[in-house]
Amino acid sequence: MSNAPHILVVDDEPQIQRAIRTILTEKGFKVTVASSGNEGLTLAAVNEPDIVILDLGLPDMDGVEVCIRLREWTQCPIIILSVRDSEHDKVAALDKGADDYLTKPFGIEELLARVRVALRHSAGRQGAQSKMVRAGELTIDLVWHIVKRGDDEVKLTGTEYKLLAYLAGNHGRVLTHQSILSNVWDPADANHTEYLRVYMRQLRKKLELDPERPQYILTEPGIGYRFIADE
Amino acid sequence: MRNLSFIMRSAQYFFAFFVIAFVTAVLFVLREALDTTLVALLYLVPLGLVTAFLGFGPGIASALMTFLAFNYFFIKPYYTFAVHRPTDVVILVIFLIVAIVISQLVGRMQVSLAAATAREREATQLYELSAALAGLHDELVIAQILAKQVQAVSQGEAVEVSIVGGKPFEFNLPDASPPQRFPEWVVPIEAARGVLGTIRVWRTGPALTSSEKRLLQTFASQGAVALERARLAQAESRARVLEESDHLKSILLSSVSHELRTPLSTIKAAASSLRSNEINWDSPVRPELIAAIDDEADHLNILVGNLLDMSRIESGALKPKREWNILAEIVGSVLARMKHLTDGHRLEVDVSENLPLVPVDYVQMEQVFTNLLSNGVKYAPENTLIRVQAFVENDFVHVVVGNQGPQIPQEHLERIFDKFFRITAADRVTGTGLGLSICKGIVEAHDGRLWAENVSDGLAFNFTLPLIWDGMSPPKLPMDTETE
């Protein structure tokens, strides 16, 4: 059991604590629970968990603040939990270093999928970054800059490729508008969501079977985009 | 000021002097042809005129001057001031009496004329004030008008109207900061229920006269009446709003408890039967029950979300986070998500991706489409057509979401956007009765308009969204076309 990934859950609601603890323990994770921001920060420092699941509405401090404080010393993945209609808080937390989010109420598959992506990315940080991303019939070679749909190479413009490479390189994770704009374009363009909308549409037309119902590049309403690759 | 009136006074004396001198010169030329008595009579004409127009002082001066000139030039021996005959003394006395009597009469007339004019001005100003204040319900506007009128009457350098109670504030003329000293005059704005504020007047010139003070006092009481009326009206409308919201709350409670209880009953029934030993582990009912719990939990989540949205719209806290968006993408994602709901209907979507970008909140706009479409799915019979269309109309994009469901009586076309308004009985359809009012709230928060209309084959919801955002037209982007 000592090799089981360690997950720290910071949430003040006992029912949520109970549910997440039961499910994750059942799946073989080691789970620690904290009921406040300060307790969470302390336990994170003591236990050095592999993943932090953090509720944004904590009694003692703002969840975004906890994110900032954690990011001062650790790169461990942070998954935030929040209620619907707080896109603003979610985006703020994601831009301050959180890796992903889940909206309450959430299904167990979603939770486990986020945890898996988070674990893969924290492994990626320690070295083995994937050079080749596969998603359905798409193959994206991040080393040679080649994108194929089935056996046919897809012609992308420079910006389109940069956009796709950033999304695919972070597949599974939600990427905020701001982070995409400042990484693919320029930090000065971080407010020009219209660039994203238009390029994303072009990209989907070239990659997706049905651009209206995308399978690979998903829109996270009000937050950003997520690239779904094969596990 | 004082200098000016001194100059005016001196000018009057000079003028009187010139008139008498001129008349003397004319009479002197005609001296041989005129009788002395006639000359004395003729002198009365300028004397009377001078006194009538210039007042007491110049009148007396003219009388003395007239007597001297008459004595010197017209009474023999000429060119001396010697008075030989008692009649000459009588003439002098008559000149003086004429001057005094006329000046007194004229003076009295002028005083009463000035008083009448002043009274008329006061009456006009008072009338203007009460006309301006009539029907006003905004305390700030009342204070502004009061300050302007006080300023006009007092001709002071600054006026401040400060209102206490309710939301206290001050209004200053001519600019926001009053002078840093005690005002020359202060009058309370007093109503039956206590002091509502004060008027302060700063004026460095002559002190306020008693009639000015009286007028300003009247202004203050006019202001008090207007303020009190405004406050009573506010109190009344507050009471009405409270009553209405109380009523709505009781409707809300009954509607919400009904709506919440339905999915809760399903969840409770399913969960408890799964827990009991009544159902075998391998029974085919198990997955069905579990799916029911999952679905109904989602349903509950949507209900709670709707309630939150509604309260946010009502409190004015719904602020769209606008960005330039592609309408086709929003519609596409909504349709993809609602696929299992719209399966029973035929869809016809005409939202071109070449429409200009629209400045909207992505999430809120998704909700508008979701609610309008689910409304159509709910009321229109299976296998009928549901249409979504969008086109540009001037500086707006016009969206039509139509269905072939039942038409709505003309008198209800507006009311279907009211909270909890239903044409069909509440137990025949599900929903909170909030969907359409949320749509309206969102569209209006985007400065657009949402309305319903009966069309030949059913019902159509129309809404408009402005394309101009903060004075900016939709951006057109330069595309890079060169490939890697």
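Predicted model: local features only at pLDDT ≥ 70, side-chain atom pairs only at ≥ 80, totals over all residues.

Me: Is B:Thr266 buried, partly exposed or exposed?
Reply: Being buried takes 20 or more other C-beta atoms within 10 Å, and being exposed takes 12 or fewer. B:Thr266 has 18 of them within 10 Å, so it comes out as partly exposed.

Me: Which residues does B:Thr266 touch, not counting those up to four places away in sequence?
Reply: One residue to look at on the way is B:Leu289, 23 residues along the chain, with its C-alpha atom 8.9 Å from that of B:Thr266. For contacts, the cut-off is 7 Å between C-beta atoms. With sequence neighbours up to four places away set aside, B:Thr266 touches B:Ala292 and B:Glu296.

Me: How many of the residues of α11 in chain B are buried?
Reply: Helix α11 spans residues 435-445 of chain B and is mostly covered. Its buried residues include B:Leu436, B:Ile438, B:Lys440 and B:Ile442. Out of eleven residues in the helix, the buried ones come to nine.

Me: Which elements do those buried residues of α11(B) pack against?
Reply: Just after the helix, B:Asp447 takes a positive phi of about 65°. As for the packing, the partners of the buried residues of α11(B) are both helices and strands of chain B: α7 (285-314), α10 (362-379), β10 (449-455) and β11.

Me: Moving on to strands in chain B, which residue takes a positive phi in the hairpin of β8(B) and β9(B)?
Reply: β8 (residues 385-393) and β9 (residues 396-403) of chain B pair antiparallel over eight bridges. One position to check is B:Ile386, which sits opposite B:Asn403 in β9(B). Two residues lie between the strands of the hairpin, and the one with a positive phi, near 55°, is B:Asn394.

Me: And what is the bridge partner of B:Val400 in β11(B)?
Reply: β9(B) also runs antiparallel to β11 (residues 458-466) of chain B, with eight bridges joining the two. In β11(B), B:Val400 has as its bridge partner B:Asn462.

Me: Over to chain A. Which strands stand at the edges of its open sheet?
Reply: The sheet has five strands with parallel pairing, in the order β2-β1-β3-β4-β5. On average, neighbouring strands are turned by 20° against each other, direction ignored. Two strands have a single partner each, so one side of each is left without a neighbour in the sheet: β2 (30-34) and β5 (100-104) of chain A.

Me: What is the bridge partner of A:Ser82 in β5(A)?
Reply: β4 (residues 78-83) of chain A runs parallel to β5(A), and five bridges join them. Within β5(A), the partner of A:Ser82 is A:Thr103.

Me: What angle does α3 of chain A make with β3(A)?
Reply: α1 (residues 14-26) of chain A lies across β1 (6-10), β2 and β3 (51-55), running at about 170° to β2(A). α3 (residues 63-71) of chain A packs on the sheet too, touching β1, β3 and β4. Its direction against that of β3(A) makes an angle of about 155°.

Me: Why does the largest nonpolar core lie between domain 1 and domain 2 of chain A?
Reply: This core has 60 residues, and those touching the most other members are A:Val10, A:Val52, A:Ile53, A:Leu54, A:Ile80 and A:Leu164. α8(A) gives the most to the core, with six residues. The core lies between the domains because residues come from both: domain 1 (6-125) and domain 2 (132-227).

Me: Which element gives the largest share of the side of chain A that touches chain B?
Reply: Here 22 residues of chain A are in contact with 25 residues of chain B. On the chain A side, the elements giving two or more residues are α6 (158-169) and α8 (193-207). By class, that side has six nonpolar, seven polar and nine charged residues. The largest share, six residues, comes from α8(A).

Me: Last one: what percentage of the residues in chain B count as buried?
Reply: In chain A, buried residues make up 36% of its 231 residues. Chain B has 484 residues, and the share that counts as buried is 27%.

Methods:
Residues numbered from 1 in each chain as written. Chains lettered and ligands numbered in written order. Pairing = 2+ DSSP bridges. Helix = DSSP H or I, 4+ residues; strand = E, 2+ residues; numbered from the N terminus. Contact = placed C-beta atoms within 7 Å. Nonpolar A, V, L, I, M, F, W, Y, C, P; charged D, E, K, R; others polar. Core = buried A, V, L, I, M, F, W, Y, C linked by C-beta atoms within 7 Å. Domains from an automatic or database assignment. Axes fitted to C-alpha atoms, helices over the stretch in contact; angles between N-to-C directions.
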